[in-house]
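My notes follow in the order I made them.

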Amino acid sequence: MSTAPARPSLDRTRVLDAAVTLADGIGLEAMSMRRLADALEVTPMALYKHVAHREALVDGMVERIVRDIAPAPHGQPWKLALRTRILSARDVMTTHPWAQAAVETRTSAGPAVLSYMDSLIEVMLGGGLSVDLVHHAMHALSTRMWGLTRDVLPTPTLPADPAEREQAVTDLAATYPAIIRMATTASHAGAGCDADAEFAFALDLLLDGVERMHADGWSSRR
């Protein structure tokens, strides 16, 4: 008589991997301990042996994906190494649509998160930047160090009807000429912005600025 293969034993790694997969599919808000338990075919109480509560679960999920960020390459100048590391973080975070909300709502940092931040600081210090400048650079990077950014100035939604759309653009141009000039004559006019290119552009602005301030011997005491 054949028997069904035994399910792998439940441990913290399996719980976090399943939670990441579930959140990838249904989103962070929809993910609950019960739905995770159903996905693992266990009772909700079985999960509490490995994570104390839902927030602890999300903490662990962030830790889990941060470990996928590629390390900074050895032998590269500090700016290039830092850029590569942060763009790897962006690759990881954008693979998981829930990651931005999770990172932005954490109230504590686990070992993987601290290790990642430590590595960025180490890269800059290793490039000869002062502790003072590195401190301010980390503040300037903010959530961008995780490959994340957020647009806070939404643009108006134009009507679908061509005639109404043309009239709306005309009206907007009369009131906000600089916005419409940029929107209609930029290199990607009529198309959506490339989020990855915009992120890299802003990151380069920040890193170029830090590099220039380092070269100028900048100090916050000035």
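This is a predicted model: local features need pLDDT of at least 70, side-chain atom pairs count only at pLDDT 80 or more; totals for chains, interfaces and linings use all residues.

I began with Pro-44, which counts as partly exposed because its relative accessibility is 22%. My cut-offs: buried is under 20% relative accessible area, exposed is over 50%, and partly exposed is in between (1.4 Å probe, protein chains only). Pro-44 lies in helix α3. Helices here are DSSP runs of H or I with at least four residues, strands are E runs of at least two, and both are numbered from the N terminus. Leaving aside neighbours within four places in sequence, I found Pro-44 in contact with Arg-34 and Ala-37. Contact means heavy atoms within 4.5 Å.

Residues are numbered from 1 along each chain as its sequence is written, and side-chain values use heavy atoms, with hydrogens and water left out.

**Positive phi**

Most residues other than glycine have a negative phi. I looked up two exceptions. Glu-41 is not a glycine, yet its phi is positive, about 60°. Glu-41 sits in the loop between α2 (33-40) and α3 (44-47). Its relative accessibility is 52%, so Glu-41 counts as exposed.

Ser-142 also has a positive phi, about 50°, and is not a glycine. I placed Ser-142 in the loop between α8 (131-141) and α9 (162-175). At 41% relative accessibility, Ser-142 counts as partly exposed.

**Buried positions**

Is Glu-63 buried or exposed? Glu-63 is buried, because its relative accessible area is 9%. It belongs to helix α4 (residues 54-66). With residues up to four places away in sequence not counted, Glu-63 touches Gly-110, Pro-111, Ala-112 and Val-113.

Next came Ala-102, in helix α6 (residues 99-104). Its relative accessible area is 0%, so Ala-102 is buried. Leaving aside neighbours within four places in sequence, Ala-102 is in contact with Leu-28, Val-58 and Val-62. I took one C-alpha to C-alpha distance: Ala-102 and Val-62 are 7.0 Å apart in space and 40 residues apart in sequence.

Then the largest nonpolar core, which has 54 residues. Such a core is a set of buried Ala, Val, Leu, Ile, Met, Phe, Trp, Tyr and Cys residues joined through side-chain atoms within 4.5 Å. Which members touch the most other members? I listed Leu-36, Leu-57, Met-61, Val-66, Trp-98, Tyr-116 and Trp-146. I followed up on Tyr-116. Not counting residues up to four places away in sequence, Tyr-116 touches Val-66, Ile-69, Arg-85, Ile-86, Ala-89, Met-145 and Trp-146.

Two packed helices are described by the angle between their axes and the distance between the axes. Axes are lines fitted to C-alpha atoms, for helices over the stretch in contact, and angles run from 0 to 180 degrees between N-to-C directions.

The axes of α5 (residues 78-95) and α11 (residues 195-215) come within 11 Å and cross at roughly 150°. I therefore call α5 roughly antiparallel to α11. Angles over 145 degrees count as roughly antiparallel, under 35 as roughly parallel, 65 to 115 as roughly perpendicular and the rest as oblique. The residues of this contact of α5 with α11 divide into 10 nonpolar, no polar and 7 charged. Ala, Val, Leu, Ile, Met, Phe, Trp, Tyr, Cys and Pro count as nonpolar, Asp, Glu, Lys and Arg as charged, and the others, Gly among them, as polar. On the α5 side I noted Trp-78, Leu-82 and Arg-90, among others.

α8 and α11 pack at about 165°, with axes 11 Å apart. That makes α8 roughly antiparallel to α11. By class, the contact of α8 with α11 has 8 nonpolar, 1 polar and no charged residues. From α8, Leu-133, Ala-137, Ala-140 and Leu-141 meet Leu-203, Leu-206, Val-210, Met-213 and His-214 in α11.

At 11% relative accessibility, Val-210 counts as buried. Leaving aside neighbours within four places in sequence, Val-210 is in contact with Trp-78, Leu-129, Leu-133 and Ala-137. Val-210 and Val-134 are 8.5 Å apart in space, C-alpha to C-alpha, and 76 residues apart in sequence.
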